[in-house]
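Here is a friendly walk through the model you have open. Keep the structure at hand as you read.

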Amino acid sequence: MRFLVSFFYFLVAIVPLKLLGQNFPSHNFTTADGLANNAVRSLFIDSKNTLWIGTENGISIFEGGHFTNLSRQDGVAQNSCWGICEDANNNMWFASYGGGVTKFDGKNYSVFTTKKGLAHNKTRKVFSYKDKVIVGTEYGISIIDINSNTVITPKEVFPHFGVFIVTDIFEYKDEIYFSALNEGFFKIINFTVEPKVIPVLEFQTSYSVGNFDDKFYNSNKGFVDVIDFTSRSVTRTSQFGQSVAWQYCIDKRNQIYAACWGIFDNNGGLFEIFNNKMVSLNEKFGIDSKKLLNVVYDKTNDFLYVGSKDNGFYQIQLDQAILYERFENRKVIGFADNLILYQNGLDFTANNSTTKRVTKRDFKLFQQHYSSKEDFQRSGENNESFELNYNLQADEIEFYNLVKYNNDLYISSNIGIFTINRNAEIISYIPIHTYNFGFTSEGLFYETHPYGPTKIYETIEPLKVKQVSNDVSDIVSSINVNATTYYLSVFNGLSSYKNGKFRSYLKEGLFLEEKLKHCAHGKNGELIVSSEFGDVYIIGDLQTFRNIKKIGNEEIIGNSISFLERYKDYLIIGTEKGINLYKNGAIRLIDKEQGLSDCTFISSKIIDDVLYLGTKKGYYRLNLHSITAAKRKVTALKISKILINNKETSTKDFEWFTYTKDKLETSYEQNTLSIDFIATGSPFPNKLKFRYRLENDNQWSPYSDKANVFLPYLPFGDYNLEIEVFDLNSGSSKIFSLLKIDVLTPFYFRWWFVLTVFLFASGLVYLLVKRSKTKAKDKAVIQKRIAETKLEALLSQMNPHFMFNAMNAIQNYVISNDTLNSLHYIGEFAKLMRKTLENSSKPTITLREEIDYLKTYISIENMRFNHCVEVDFQINDHINLSCKIPTMLLQPFVENVFVHAFSTATLSPKLTLTFEMKNSTTLQILIIDNGKGIDMKSTNLHQSKGILLVRERLSLLQNHLQESIEFQNNNPSGIIVCIQLLV
């Protein structure tokens, strides 16, 4: 048994060493992604670099990562599309198997069938040549003029097998040839006059033709013919291959590809043709279908598109910027130059091949030999280190790390550290169990432990410890920058060793981040570290720690950092989402879309311009020069769909499935918009993020992965919809003006409606005001008449009152037999009555007439007092005696004086009447007596009926004048009546 084990290891050592399995990034698109059908019959890249896919259930357009599908409902002749081309006028042509040919000019579809002269409705190929399109059918060819749409079918087709199936059409030296399945090769002549078909090589089996310069590949039954077209006759030069090739293409490296399907054999797939050999590329390109019918090359993006009969189509990146090496599906632990440390041992590689290998058994045998020496000192059997298990078998060995120092390699494992030279020979062994180790800038060996102190060794053989630091403990990674060795701990932050001294920056308070995991050094000597929580720090000044730039975890795509590297001006940050390329505050992301399908990185190393990333099943090689080079950016945005209130806009505004107008007008009620757009130009559309704004001074919306803008209940007004596209592949952004939007103003806010409403309201107000004024005027007239009527009634009441008092006075004279005074009194009374009769017919009289009337009345009343009452009229010179006042206004007050003011006890009775202007419109009249007076506070204050009538008259005539009549005490005796009149 022991012999068998030894023999096995011997075989491993001497057998031919393996080739590395190299994988190119690829992506498979199927109906799950939006493809019309998984049976792809044709592929075509048009002049705008748009990919057209003909399937057995419609046509798909692949642009900007978005699929647009066409079917019979749109106007295509039939859903089964076997051929696609673009003519000189940029119209698209589709060959359908059973429905003829369809021409599409961006808006309209034109169908050509046998009714229009087509040779047969089962069409397989279409080919553009000058102003013609050649159609290959199952019964020969037809030629269609792209301008007049006329169809010409040459008659020189004679099927020998019941059908004449055209399998390919190609141009050679400005002449058109075509192949037929079992009929051979033919040429079309006399295109402009009367096209004719002449045979070139008859009865040759041909499924397709690859034409590359002067070299032709013909697909035969299960192999490929190489045909020489240089002479007038076509001759077969060689044969190779094992399947039926249905289409060929060539890339910019002159690499020829063939899409194959063996029809009845399971020997198809994608093949590379090199030196007349066919090499399968299915595994290399990640193609899992062996029924391939077509292949085309996108030279703009350096993509290869491969169509299958059963699994959609594949997109393969050929730029070799990212390659994956399947390293026996083993975990890759570390790299150094052309060395790879992986789960099974150490491989020396060259030209993608393993040249030498150091196996686990080699390591175990060396350990056993070394530890058997008499002077061997076991290590790691105390609490300061991890204990080594010397009884572990070879297959139980686990490798931790690979360190290159000088020209030797140091490999740590669970059985110790080994030194290997460039000849793949193990030259020494260090019995230390450690994850992280290395050499200081001074060349001293150090070891660290996740749960123990850091040791600096003076010598390795024998092991002699120089220094131990308990403060510098729990180390997970380390790095030499300038002349200092830095250590990162998950508990104690950042420490260093220089000139025999350890230093803790956490304890000194210079750098307070406690949990650190990964490190790298910058271009200008900066120290770059990452925390356990995803933050990255770039420490520029390692003396004062003042110049520290922080890249927060919110800026980095991914939650956990797996490695840090630096390449030129780029900081490379690995996360579970992919690789972040950081430069000047901008982030670029490399992930599965570019080829990183496995982002669980175990190890990393930059060697020259290549980044090596170890995973659990192999490793990646990233060409950093290519990856960091300037990338193609988004060149344009095209609107593919507009929904207004959840209804699609008219198709008449679209051409080539793109909205053709730069402005959208909609009513204020149709103001909920959903706009889908496509970004063209970027090779990786899933790397794009979009945000929008409606005005230049508006804030941007949050970034979104969806190429859609949803605008609910947009207020009326004019908007300029701008889209900012941020491309994670190129790390740049660009602003596009997508669409001008005009939500029309509601009619009730338009100028004509507002003006109409204003004029109507103004007219209505005018009519209301006019009517109000008319009513007020009519009311004033009525009220005036009512007042006049009341005044007349009051005046008619005053006249009898006055006459009653006068008759009493005459009666007193008669009783006293005073004939002379009676007669005089009667005369004066008659004169007064005449004036009273004259004035009573008028509502107002002049002030002069009122004064004359009062003088007459006072003379009569004074006769009863034997003329003992002194009367004084004081009239201001500024008074206009012609002003009008109410008739018989003052007589009741004067009468009240003679009746009530004076008595026999009154000495020298006096009555004073004062007339003066209080202001420009108010006449003030004072009636002053020195009689016995009255108590103004008495509630029984007597007011004659005449005075009451005057009050009522004045309230009607000047109701806005408060207190027209006031009574005041006159010191030392008597009263003052103050009357105010508006004149």
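Does N276 count as buried, partly exposed or exposed? With a relative accessibility of 30%, N276 counts as partly exposed; buried means under 20% relative accessible area, exposed over 50% and partly exposed in between, using a 1.4 Å probe and protein chains only.

## About the model

This is a predicted model, in which local features need pLDDT of at least 70 and side-chain atom pairs count only at pLDDT 80 or more, while totals for chains, interfaces and linings use all residues. Residues are numbered from 1 along each chain as its sequence is written, and side-chain values use heavy atoms, with hydrogens and water left out.

## The chain as a whole

The protein chain has 9 helices and 74 strands; helices (H or I, at least four residues) and strands (E, at least two) are DSSP runs, numbered from the N terminus. The radius of gyration of the protein chain is 58 Å, well over the 30 Å that the globule rule gives for 983 residues, so the chain is more spread out than a compact globule. That radius is taken over C-alpha atoms, and the globule rule is 2.2 Å times the number of residues to the power 0.38.

The C-alpha trace spans about 185 × 100 × 45 Å along its principal axes. Of the 983 residues, 51% count as buried. Among contacts in the chain with a separation of 6 or more, 53% come from residues 24 or more positions apart; contact means heavy atoms within 4.5 Å.

Two packed helices are described by the angle between their axes and the distance between the axes. Here, axes are lines fitted to C-alpha atoms, for helices over the stretch in contact, and angles run from 0 to 180 degrees between N-to-C directions. Helix α6 (residues 819-840) packs with α7 at an angle of about 155°, and their axes are 10 Å apart. α6 and α7 are therefore roughly antiparallel to each other; angles under 35 degrees count as roughly parallel, over 145 as roughly antiparallel, 65 to 115 as roughly perpendicular and the rest as oblique. The crossing of α6 and α7 is left-handed, meaning that the near helix is turned anticlockwise from the far one by less than a right angle, whereas clockwise would be right-handed. Residues making this contact include Y825, F829 and L832 of α6 and Y853, Y857 and I860 of α7. By class, the contact of α6 with α7 has 7 nonpolar, 6 polar and 3 charged residues. In this scheme Ala, Val, Leu, Ile, Met, Phe, Trp, Tyr, Cys and Pro count as nonpolar, Asp, Glu, Lys and Arg as charged, and the others, Gly among them, as polar.

Helix α7 (residues 847-864) also packs with helix α8 (residues 891-901), at an angle of about 15° and with axes 10 Å apart. α7 and α8 are therefore roughly parallel to each other, and their crossing is right-handed. Among the residues in contact are L854, Y857 and I858 of α7 and V894, F898 and V899 of α8. The contact of α7 with α8 has 7 nonpolar, 2 polar and 4 charged residues.

## Buried residues and their neighbours

What surrounds F363? Leaving out residues up to four places away in sequence, F363 touches V358, I397, F399, I411, I415, F418, I420 and I426. F363 sits in helix α3 (residues 360-371) and counts as buried at 0% relative accessibility.

V306 belongs to strand β28 (residues 303-308) and is buried, with a relative accessible area of 0%. Its contacts beyond four places in sequence include L43, L270, I287 and F313. In strand β17 (residues 184-189) you will find F185, which is also buried at 0%. F185 touches F170, F178 and F229, among others.

## Backbone details in loops

Most residues other than glycine have a negative phi, and most peptide bonds are trans. N276, in the loop between β25 (265-273) and β26 (278-280), has a positive phi near 55°. N90 has a positive phi near 65° and lies in the loop between β7 (81-86) and β8 (92-96). A cis peptide bond, with omega about -5°, joins E461 and P462; P462 lies in the loop between β41 (453-459) and β42 (464-473).
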